[in-house]
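Student: I would be grateful for a close look at a single residue in this structure and at the elements around it. Please treat the matter in one connected account.

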Amino acid sequence: MEDINFEFDDDLKKRAQKIIEQEPKLDHIKLDKVCFTKIDKTLKGGHILGRCVLLGVRTEFLSGKRFMIEMPPVYYELNEKQKDIVMEHELMHISKNNKRLVEHNIGEFKIIVEKYGLDWFEAFKKGELLLAKKKLKEAENKYKKVED
Ligand SMILES: [Zn+2]
């Protein structure tokens, strides 16, 4: 049993909304199916900066939500661009039919790799926070180029 405190975070939802509007490959996402929360727990492993969780059918029955995107304290230390990249990554976990989680090894993640490179995420997977932050900085620069 995980011990986590959750807080709704509407700013996360606004950020997600903005990203979906800018990225046609995410326009299948039904935001009303997604709950956005700030959590007080430090995450380990692949998603130390944030994670997308598939909720159960009973939770969906009760709440109308199928996914929860949870951001840990370290996410809030990132700058705006970095937050965008992490959010876009988490949104990529939502399948085309808004029913299941997409794993990283599926082509649907290709766009993230094309845009920012994969090495920043590889560092997260290893749980190397300092390296991940350095790599995310590089990804951020690529992100700026995409925008220009
Ligand atoms: Zn992921």
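Predicted model: local features only at pLDDT ≥ 70, side-chain atom pairs only at ≥ 80, totals over all residues.

Glu90 is buried, because 25 other C-beta atoms lie within 10 Å of its own and the cut-off for burial is 20 or more.

Glu90 belongs to helix α3, which covers residues 80-91. This helix has twelve residues and reaches 16 Å from its first C-alpha to its last, close to the 16 Å expected at 1.5 Å a residue. Glu90 is one of the buried residues of α3, which are Lys83, Ile85, Val86, Met87, Glu88, His89, Glu90 and Leu91.

The contacts of Glu90 come next. Leaving aside residues up to four places away in sequence, Glu90 touches Gly50, Arg51, Cys52 and Ile69. Val102 lies twelve residues from Glu90 along the chain, and the C-alpha atoms of the two are separated by 9.8 Å.

Four strands form an open sheet of mixed pairing, in the order β1-β2-β4-β3. Its edge strands are β1 (6-8) and β3 (51-54), each of which pairs on one side only. From one strand to the next, the twist averages 35 degrees. In general, the strands of a sheet pair through backbone hydrogen bonds, in either a parallel or an antiparallel sense. Here, β2 (residues 34-39) and β4 (residues 67-71) pair in the parallel sense, over five bridges. Ile69, a contact of Glu90, stands in β4 opposite Phe36.

Helix α1 (residues 10-22) lies across β1, β2 and β4, and runs at about 130 degrees to β2. Helices α1 and α3 pack at an angle of about 75 degrees, with their axes 10 Å apart. The two helices are therefore roughly perpendicular. On the side of α1, the contact is made by Arg15, Ala16, Ile19 and Ile20, and on the side of α3 by Lys83, Asp84, Met87, Glu88 and Leu91. By class, this contact of α1 with α3 has five nonpolar, no polar and four charged residues.

To return to the residue in view, Glu90 is a buried member of α3 that touches Gly50, Arg51, Cys52 and Ile69.

How values were computed
Residues numbered from 1 in each chain as written. Pairing = 2+ DSSP bridges. Axes fitted to C-alpha atoms, helices over the stretch in contact; angles between N-to-C directions. Contact = placed C-beta atoms within 7 Å. Buried ≥ 20, exposed ≤ 12 C-beta atoms within 10 Å, placed from the backbone. Expected span 1.5 Å × (residues − 1). Parallel < 35°, antiparallel > 145°, perpendicular 65-115°, else oblique. Nonpolar A, V, L, I, M, F, W, Y, C, P; charged D, E, K, R; others polar.
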